[in-house]
Amino acid sequence: MTVLLPLSLLVPLATAVAAFLLRRRAGAERAVSLTGALILAGVTARLFVAVWADGPLATQMGGWAAPFGITLVADMLSAALAALGGALALLALVYACAEPRKADESHGLHALLHVMLAGVQGAFLTGDLFNLYVWFEVLLISSFAVLVVGQDRRRTDAGVKYLVPNMLGTVFFLTGVALVYARTGTLNFADLHAAVQGLPPGESIDVGVVFLLLAFILKAGIFPLFAWLPASYHTPPVAVSALFAALLTKVGVYGVARLLVLVVPTGLGPLRDGLLGLAALTMVVGVLGALVQRDMRRLLNFTVVSHIGFAVFGLALKSQVGVMAALFYMLQDMMVKTGLFLACGMVQRESGGETRMRRLGGLWSAKPALALLFLPSALALAGIPPFVGFWGKLMLVQAGVAAGAWAATAVMLLATAVNVLVVGRLFAQAFWAPAPPDRPPPLPLGPGGAALLLGPVLVLAAAVTVAGVVVEPGVQVAGRAAAGLLDPAAYLAAVRGEGNPG
Amino acid sequence: MNILLPLIVGVLVACAAYLLLSRNLVRVVFGLALISNAANLALFAAGRLSRAVPPVVPEGATVLPAAAANPLAQALILTAVVIGFGVLTFAFVLTYRAYQKLGTMDTAAMRHAEPPVPRRDVGAGEVAGDVAGVEPEAPP
């Protein structure tokens with residue numbers, strides 16, 4: 001089964017090479033890209049099943065034993081993120097193939113997206129801090145290129161604003177790695193966990209951890225380091241934005257979870273409460289930003305920022321229920337975000353490519369079925385039962401109350417209320433408002449476009465609804481992931497126990 | 001040796017911070033180059049610096065001599081330098097493309113992806129360029 005771990009990296013990398021070679025041949029490039037995404041979704045789903053059945057899986061690349069070699073390890077958290085990421089990437093790529101072919105695809109968009117997927121999977125599956133840095137760079141560099149590959153002016157502008165802060169983030173990351181290594185002499189997560197417990201009293205790796213946290217919260221888009229996100233995420237095609245929103249920011253949150261819960265479960269003192277404050281501010285700033293946007297796509301960007309705050313809120317609570325609620329929230333948010341982005345893409349298409357709020361409207365009478373596809377994700381985002389977002393928010397509120405974080409919980413409820421307003425405004429404007437008189441015709445679709453467009457949106461709307469009605473499996477996954485982080489005995493055993501396979 | 005390296009890192013970070021605060025994109029990218037090298041040097045120091053003790057296991061021994069530097073940190077730097085070089089190259093190319101496409105190096109004037117903000121220090125003509133798909137904000 002451990003062969004699944006390197007396969008989750010090799011499949012997207014091989015697909016990227018093939019897609020790059022075939023980039024001038026429209027049909028072949030898309031076929032290769034979709035096949036690669038399908039295989040990746042299958043491999044990561046199989047990995048998830050294996051981890052669910054047998055506990056954490058680990059393998060050492062090159063056969064070097066644990067703290068010295070390159071460890072790939074999947075515990076419940078990594079496997080769930082990898083599997084969900086693989087499935088969502090497949091859906092987003094199917095949606096992308098419904099569009100008529102544009103210039104960015106012949107410049108290698110699909111190849112770059114698959115390198116990005118390899119980076120995301122690598123970040124989720126690595127068991128080593130420096131390798132996390134390397135995968136971070138892989139996904140960042142490819143996302144830089146994905147962002148600017150169309151070479152239009154808006155994407156170039158967005159590329160500049162995305163590049164500079166994220167590059168600074170990697171510098172913080174590297175500095176953090178240096179400081180942690182200087183104090184502990186190891187970079188393997190499992191080994192670090194033990195090394196931190198064994199530090200003599202008075203010594204800690206807190207400074208290094210703060211540098212690492214800076215890098216993670218920058219990548220996650222947490223207040224105050226979020227301004228790059230709403231400046232850039234709305235410029236690429238909507239399927240690409242959906243991937244960015246569902247996967248890239250979550251890598252930052254994953255880093256925070258791995259670091260704060262597994263590596264340094266105690267320590268940091270008042271800084272942990274500071275993180276709670278930052279999470280609360282992120283929710284508020286994000287949701288208020290979304291409220292005043294006049295552009296649908298930019299409104300979506302701000303909802304990405306806001307909901308990262310919810311996930312980090314749970315992580316900052318220092319309790320098992322908090323971590324579990326945060327992980328459940330993060331997993332469901334990936335699904336909801338992809339669904340909402342793709343549904344908004346359909347709204348944009350029906351409105352003739354318009355994204356300005358006041359130029360939307362009239363879709364309730366023109367496309368009533370689209371409203372049905374749009375509503376599950378939108379209501380899940382707002383936290384309305386029975387959709388899955390409600391349960392995420394309920395668990396967070398329970399965890400917040402149980403931990404006695406009254407102020408932050410109150411802020412979260414307030415942000416949720418404003419969030420309902422944001423979603424309501426978007427829905428009312430897109431569907432109920434009268435159609436603008438001079439509305440351009442809907443954008444054209446590529447060959448076979450209607451089915452390719454409808455499929456992913458339908459699947460995601462159904463998934464958000466079903467996961468909200470049958471909520472128990474999702475909670476169990478989050479519960480096991482949280483337990484695996486908080487009591488990492490099985491994780492440590494998997495990383496250390498796997499001897500030299502040769 | 002142990003005082004020189006922190007000093008160099010400090011000077012590099014200070015210069016980088018100064019450059020990063022500039023509105024000129026070229027200066028910002030030079031700032032990124034300096035600060036990423038400062039991080040590389042910090043990583044170098046993490047591996048313990050020593051003079052004239054190569055990290056080679058002597059014949060007959062099984063571990064390094066006590067005073068030798070840790071070679072892993074140097075391997076990490078090598079990786080980080082290569083990655084940093086790639087990203088910087090991309091940053092410079094993007095800067096040049098931004099100059100070609102947007103006609104400015106002034107980051108405050110780059111408002112193509114976001115609604116333009118009326119500012120006193122940016123000429124109106126510079127921000128009134130391509131804002132397709134973005135609704136202009138009403139002046140306050």
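Accessible areas come from the Shrake-Rupley method with a 1.4 Å probe, and for residues only the protein chains shown count as cover. On this basis, chain A of the predicted model exposes about 16100 Å², with carbon and sulfur atoms supplying 71% of that area. Of its 502 residues, 64% count as buried (under 20% relative accessible area, 1.4 Å probe, protein chains only).

The model is predicted: local features need pLDDT of at least 70 and side-chain atom pairs count only at pLDDT 80 or more, whereas totals for chains, interfaces and linings use all residues. Residues are numbered from 1 along each chain as its sequence is written, chains are lettered from A and ligands numbered from 1 in the order in which they are written, and side-chain values use heavy atoms, leaving out hydrogens and water.

Chain A contains 21 helices and two strands (DSSP runs, numbered from the N terminus: H or I of at least four residues, E of at least two). Its radius of gyration, over C-alpha atoms, is 22 Å; the globule rule gives 23 Å for 502 residues, so chain A is as compact as a globular protein of that length. That rule is 2.2 Å times the number of residues to the power 0.38. Along the principal axes, the C-alpha atoms fill a box of roughly 75 × 55 × 40 Å.

Confidence is given as pLDDT, per residue, from 0 to 100. Chain A averages 87, and 98% of the residues score at least 70. Helix α5 (residues 109-125) of chain A has the highest mean, 93. Helix α4 (residues 103-106) of chain A has the lowest, 74.

Technical notes:
Buried means under 20% relative accessible area, exposed over 50%, partly exposed in between (1.4 Å probe, protein chains only). pLDDT is the predictor's confidence in each residue, from 0 to 100.
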